[in-house]
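Have a look at the sequence and the model, and then we'll walk through some of the details together.

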Amino acid sequence: GEGAGWINFIDSLFPFDINRIDIHSGRIAYKDFNASPDINLFIDNIDAHITNIRNTEEREIALPSDILITGNSIGEGALKLSGKMNVIRDTPDFDLDFSLKNAQLPAFNDYTNEFLALDFQSGTIGVFAELTAADGVIDGYVKPVATDIALVDVPDQDENPFNVVWESIASVFI
C-alpha cells in the first residue's frame, strides 16, 4: 500500500536471506518497435556475481553486498560494473564503478538516427563512471569518450533540410 515502502513488500515476499546470485550468458535488451527501423539496444554474454543480498541489516558493514557484472554491448563494447551496495535501505546506498569500452558507434545508428538525427560512419565510444550514494545523496561522475568519429555524408543520408542542418552543426562539434 501507499507509504509502506518497498522494503516491507520485499520482506513479506522473501523472509529469507539471498547469499548469492549468479547469472551466466545472460542478455538484457531495450527494444522500440515504434521507431523506423526498430531499435534494438542490448548487452549480451552477461556474467554477474552478486553476494550478500539479504533482508537482514548488518549494522557493522555499511555496504554488505558485492557486485560484479560483465558483458558485451551492441557494437562489441566491453561492459563492466563492480562495487558494493546496500539494497535493504529505503533508498539504497552504493559505491559503483562502471565502464563501457570500445563500442562501435555505427551499431547505435538506429537509436541515434531516431532521437538525434545522426548516422555514424565510424568511431568508438566509451563511458566511464564512478558513483556513490549515501543517505539519498549521489556523488560521482559519468564521462563519455568518443574517438575517431565520422558521420555519414549529409547528401547520402537525409532529404529533410532540418536534419541536414542539424547533422552539419553536430559534425562540427563531434
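Is Arg27 buried, partly exposed or exposed? Arg27 counts as partly exposed, with a relative accessible area of 46%. Here, buried means under 20% relative accessible area, exposed means over 50%, and partly exposed is in between, using a 1.4 Å probe and protein chains only.

## Before we start

This is a predicted model, so local features need pLDDT of at least 70 and side-chain atom pairs count only at pLDDT 80 or more, while totals for chains, interfaces and linings use all residues. Residues are numbered from 1 along each chain as its sequence is written, and side-chain values use heavy atoms, with hydrogens and water left out.

Let's begin with strand S3, residues 65-73. Strands are DSSP runs (E, at least two residues), numbered from the N terminus. For S3, the covered face holds Ser65, Ile67, Ile69, Gly71 and Ser73. Asp66, Leu68, Thr70 and Asn72 are on the uncovered face.

S3 pairs with strand S2 (residues 39-53) in the antiparallel sense, over 7 bridges. Two strands count as paired if DSSP finds at least two bridges between them. S3 is also joined to strand S4 (residues 78-86), again antiparallel, by 8 bridges.

## Charged pairs

How many salt bridges does the structure hold? There are 3 salt bridges, each being a side-chain nitrogen of Lys or Arg within 4 Å of a carboxyl oxygen of Asp or Glu. As a rule, side chains of opposite charge can pair when their charged atoms come close.

Back to Arg27, then: its side chain meets that of Asp44 in a salt bridge (2.7 Å, N to O). This pair links distant parts of the chain, with Asp44 in strand S2 and Arg27 in strand S1, 17 residues apart. Asp44 is partly exposed at 22% relative accessible area. Another salt bridge joins Asp66 and Lys84, whose closest N and O atoms are 2.4 Å apart. Since Asp66 lies in strand S3 and Lys84 in strand S4, the pair ties together parts that are 18 residues apart in sequence. Asp66 is partly exposed, at 31% relative accessible area, and Lys84 is partly exposed too, at 35%. Finally, Arg20 forms a salt bridge with Asp22, with the closest N and O atoms 2.4 Å apart. Arg20 is exposed at 54%, while Asp22 is partly exposed at 31%.

## The nonpolar core

Which residues make up the largest nonpolar core? Its 11 residues are Ile46, Ala48, Ile50, Ile53, Ile67, Ile69, Leu81, Met85, Phe94, Leu96 and Ala133. A nonpolar core is a set of buried Ala, Val, Leu, Ile, Met, Phe, Trp, Tyr and Cys residues joined through side-chain atoms within 4.5 Å.

## The largest pocket

The largest pocket has a volume of about 230 Å³. A pocket is an open set of points on a 1 Å grid over the protein atoms alone, where a 1.4 Å probe fits, with protein on both sides within 12 Å along at least five of seven lines; lining residues have an atom within 4 Å of a point. Grid points are joined across faces, edges and corners, and the volume is the space filled by probe spheres set on them.

The lining has 15 residues, and Ile43, Ser73, Ile74, Leu100 and Phe108 lie nearest the centre. By class, 14 lining residues are nonpolar, 1 is polar and none is charged. Nonpolar covers Ala, Val, Leu, Ile, Met, Phe, Trp, Tyr, Cys and Pro, charged covers Asp, Glu, Lys and Arg, and the others, Gly among them, are polar. Strand S1 (18-32), S2, strand S5 (93-104) and strand S6 (120-134) each supply at least two lining residues.

Most residues other than glycine have a negative phi, and most peptide bonds are trans. Ser25 in strand S1 has a positive phi of about 55° although it is not a glycine. Asn102, in strand S5, also has a positive phi, near 55°. Ser25 is exposed at 59% relative accessible area, and Asn102 is exposed at 53%. The peptide bond from Ser36 to Pro37 is cis, with omega near 0°, and Pro37 sits in the loop between S1 and S2.

Conventions
Helices (H or I, at least four residues) and strands (E, at least two) are DSSP runs, numbered from the N terminus.
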